Amino acid sequence: MPRSLFIYSLIYGGLVCMAGVLGTKIVAIGPLTVEAGIFAFLQLVVLSSAISELHGAAVAQKLVRYGFIPLILSALLIQLVIALPSASFWTQQEAFAGILGQGSRLMLAGLISYGISQTLNVMLFDALREGTGKLVWLRGMIAAVASQIVDTGIFLTIAFLGVLPLWPLLVSGITAKIALSIVMVPPLIQLAVSLGRKLDREGATA
C-alpha cells in the first residue's frame, strides 16, 4: 500500500469519529452559526480529494464507503457507554449524555449527509480534472463548496424539519460552510497532495 494512502486512511478514520463528537457544539463565526464538526468534516473533504488526486477516484470512493465503519461504531459505542451504569462517585452522567447522546433522527441525518456529500465531493473533484488541469486547489474548493451545500441541506432537513425553523438554519449554516470551504480547503488540499507525493517517493525508496 502506498505510504500516503495508509497514513491518510488512518487520519480519515479518526476524523470521521471526531466530526460527530465536535458536531455537538454550535460555534459562532461572526453573525453566523455552524456546528463545530465542520472543522473535522472539511479535513475529510481534503483527504478524500487528495487521495483521489494521488491514487484515483475509485480508491477515494472506497475510502468514503469504509468511513461508515468507524462512524457507525463510534456512535454505537457512545450509546453503549451512556447506557452503562455510572460509578457511584461519578456525577457527570447527565452532562455526558446530554452532550454526546444523539437521537436516532440525528444519527440517520449524519449518516446520510456524510455518504452523499463525500461521494459528491470525490465525483466533482475528479470530474473537474479535465477543465482545471493541475489547479488542485481550485478543484478542491469548488467540490468542497458544492458538497457542503448538499451536506448542510440534507442534514438540517432530516434532523430538524418540523422541529426548528429550517430556513434560518439553512442560510446561516450554508453561508458559514461556503466561507470556511473557500478559506480552508485550497491551502490544505495543496499541502495534502504535496505531502502525499513526498511520502510516496520516500516509501518507494525505503
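This is a predicted model: local features need pLDDT of at least 70, side-chain atom pairs count only at pLDDT 80 or more; totals for chains, interfaces and linings use all residues.
**Entry 1: Q118.** Setting aside neighbours within four places in sequence, I found Q118 in contact with Y12, F41, L44, V45, S48, V64 and S113. I then placed Q118 in helix 6, which spans residues 104-127. Is Q118 buried or exposed? Its relative accessibility is 0%, and buried means under 20%, so I recorded Q118 as buried.

**Entry 2: the largest nonpolar core.** I next looked up the largest nonpolar core, which holds 38 residues. Y8, Y12, F41, L44, Y114 and I189 touch the most other members. Helix 1, helix 2, helix 3 (57-66), helix 6, helix 8 and helix 9 each give two or more residues to this core. Which helix gives the most? I noted helix 2, with eleven residues.

**Entry 3: I189.** Not counting residues up to four places away in sequence, I189 touches V46, S49, A50, F125, V136, W137 and G140.

**Entry 4: the largest pocket.** I turned to the largest pocket and recorded about 890 Å³ of space in it. Its lining has 43 residues, of which A19, G20, G23, Q102 and F155 are the closest to the pocket centre. I listed the lining by class as 24 nonpolar, 16 polar and three charged residues. Among the elements that each supply at least two lining residues are strand 2 (32-35), helix 4 (68-83), helix 5 (93-100) and helix 6.

Methods
Residues are numbered from 1 along each chain as its sequence is written. Side-chain values use heavy atoms; hydrogens and water are left out. Helices (H or I, at least four residues) and strands (E, at least two) are DSSP runs, numbered from the N terminus. Buried means under 20% relative accessible area, exposed over 50%, partly exposed in between (1.4 Å probe, protein chains only). Contact means heavy atoms within 4.5 Å. On a 1 Å grid over the protein atoms alone, a cavity is a set of points where a 1.4 Å probe fits but cannot get out, and a pocket is an open set with protein on both sides within 12 Å along at least five of seven lines; lining residues have an atom within 4 Å of a point. Grid points are joined across faces, edges and corners, and a volume is the space filled by probe spheres set on the points. Ala, Val, Leu, Ile, Met, Phe, Trp, Tyr, Cys and Pro count as nonpolar, Asp, Glu, Lys and Arg as charged, and the others, Gly among them, as polar. A nonpolar core is a set of buried Ala, Val, Leu, Ile, Met, Phe, Trp, Tyr and Cys residues joined through side-chain atoms within 4.5 Å.
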